[in-house]
Amino acid sequence: MIQVGIFTGYFPYSLPETAKKIRSLGFNTVQLDLAFKDMDLSTSAITREKCRTIRETFRDHDLPVCAISGYTNIVHPDRAARQAKLEHLRTLIRHARDLGSPYVISETGTFATDSDWVHHPKNKTEEGYEECRAVVEDLARTAYDHGAVFLLETYVNNVIGSVDETLRLFADVPSPGLGLLMDPTNYFESHNIDRMDRELNRIFDALDDRIRISHAKDVKRSGTDKSEKHADIDASEAHSFRGVGEIELPAPGLGSLNYDLYLQRLSRRHPNIPLIIEHLEEADVPRAKAFIDGKLRALGV
């Protein structure tokens, strides 16, 4: 059966309280965000001992860590800022096994300076691609050297956003240290959202063998509000983000994603994969989990 989990970052508490709250909601796995009210987890403060404390706290609550959030702009145009972001990401990769999972996830970023989620013309140039490829290759090598796997999460406004761009990157970086985070909502734009089933099948036909972890949010047209949207929650911008431009990315069950087809295709080759709920606030977690659980039961997966 598919496992249902959630990001720890939607629970802004101390480490033990976060684990207790998530377990009380019936989850059996988590994607780990290194952000707890009782711990300094800045880059220089991350130690093996802290990582093992985090891992064992979630183990004690029957919540194995399935993946680690490393979301950052890996191609930030300010070189000093990029270096600092990459050093933090590499630190997470080096400590991944101490934290309980080999998988560390990030999107590929944007050359925009004012947001990690808006398009920039350089994103879709050969120069931009080559910069991104070199960074991903380095991260995959670092991951392999430390018994980890760097998971790429695509997003349409980032350097790697389409199925074709994803395929190209995997062809150019043929490393066992590189894998894919599957979130089909991140591939949808105004030109393909009305061809939902065809696009979902295309995504899985092309990328199924790269998938290691999956996400559960939703997608819909944004209507008249084309601004960058964020929820007012106590969490990182990666968790408050809800979409920009033509596409909105709400919580699971609140959009137009064909969840039946998504879960059927996902379970076909990944029957026990963790499915991590996101893009919601704490109060909405029970509804979102009930929606996902209901779909899984109905499909028998």
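## Pockets in the predicted model

α3 (79-94) and α8 (237-240) each supply at least two residues of the lining of the largest pocket. Helices (H or I, at least four residues) and strands (E, at least two) are DSSP runs, numbered from the N terminus. This is a predicted model, where local features need pLDDT of at least 70 and side-chain atom pairs count only at pLDDT 80 or more, while totals for chains, interfaces and linings use all residues. Residues are numbered from 1 along each chain as its sequence is written, and side-chain values use heavy atoms, with hydrogens and water left out.

The largest pocket has a volume of about 810 Å³. Its lining has 40 residues, and those closest to the pocket centre are Asp33, Tyr71, Ser236, Ala238 and His239. α3 gives the largest share of this lining, four residues. By class, the lining splits into 17 nonpolar, 13 polar and 10 charged residues. Here Ala, Val, Leu, Ile, Met, Phe, Trp, Tyr, Cys and Pro count as nonpolar, Asp, Glu, Lys and Arg as charged, and the others, Gly among them, as polar.

## How a pocket is found

Rolling a probe the size of a water molecule over the atoms shows where empty space is left. On a 1 Å grid over the protein atoms alone, a pocket is an open set of points where a 1.4 Å probe fits, with protein on both sides within 12 Å along at least five of seven lines; lining residues have an atom within 4 Å of a point. Grid points are joined across faces, edges and corners, and a volume is the space filled by probe spheres set on the points.

## The second largest pocket

The second largest pocket has a volume of about 210 Å³. β1 (3-7) and α10 (285-299) each supply at least two of its lining residues. The largest share, four residues, is from α10. Among the lining residues are Met1, Phe27, Asp293 and Val301. The classes here are six nonpolar, three polar and three charged.

## The nonpolar core

In soluble globular proteins, nonpolar side chains tend to be buried together. A nonpolar core is a set of buried Ala, Val, Leu, Ile, Met, Phe, Trp, Tyr and Cys residues joined through side-chain atoms within 4.5 Å. Buried means under 20% relative accessible area, exposed over 50%, partly exposed in between (1.4 Å probe, protein chains only).

The largest nonpolar core holds 97 residues, and Ile54 and Phe58 touch the most other members. Helix α5 (residues 126-145) gives the most to this core, seven residues. Leaving aside residues up to four places away in sequence, Phe58 touches Thr8, Leu15, Thr18, Ala19, Val30, Leu32, Phe36, Leu63 and Val65. Touching, or contact, means heavy atoms within 4.5 Å.

## Two single residues

Thr72 is in the loop between β3 (65-69) and α3. Thr72 counts as buried because its relative accessibility is 15%. Beyond residues up to four places away in sequence, Thr72 touches Lys85, Leu89, Ser106 and Glu107.

Gln264 lies in helix α9 (residues 259-269). Its relative accessible area is 38%, so Gln264 is partly exposed. Gln264 and Ala112 are 152 residues apart along the chain, and their C-alpha atoms are separated by 36 Å.

## The whole chain

The chain has 10 helices and 12 strands. Buried residues make up 55% of its 301 residues. The C-alpha atoms fill a box of roughly 45 × 45 × 35 Å along the principal axes.
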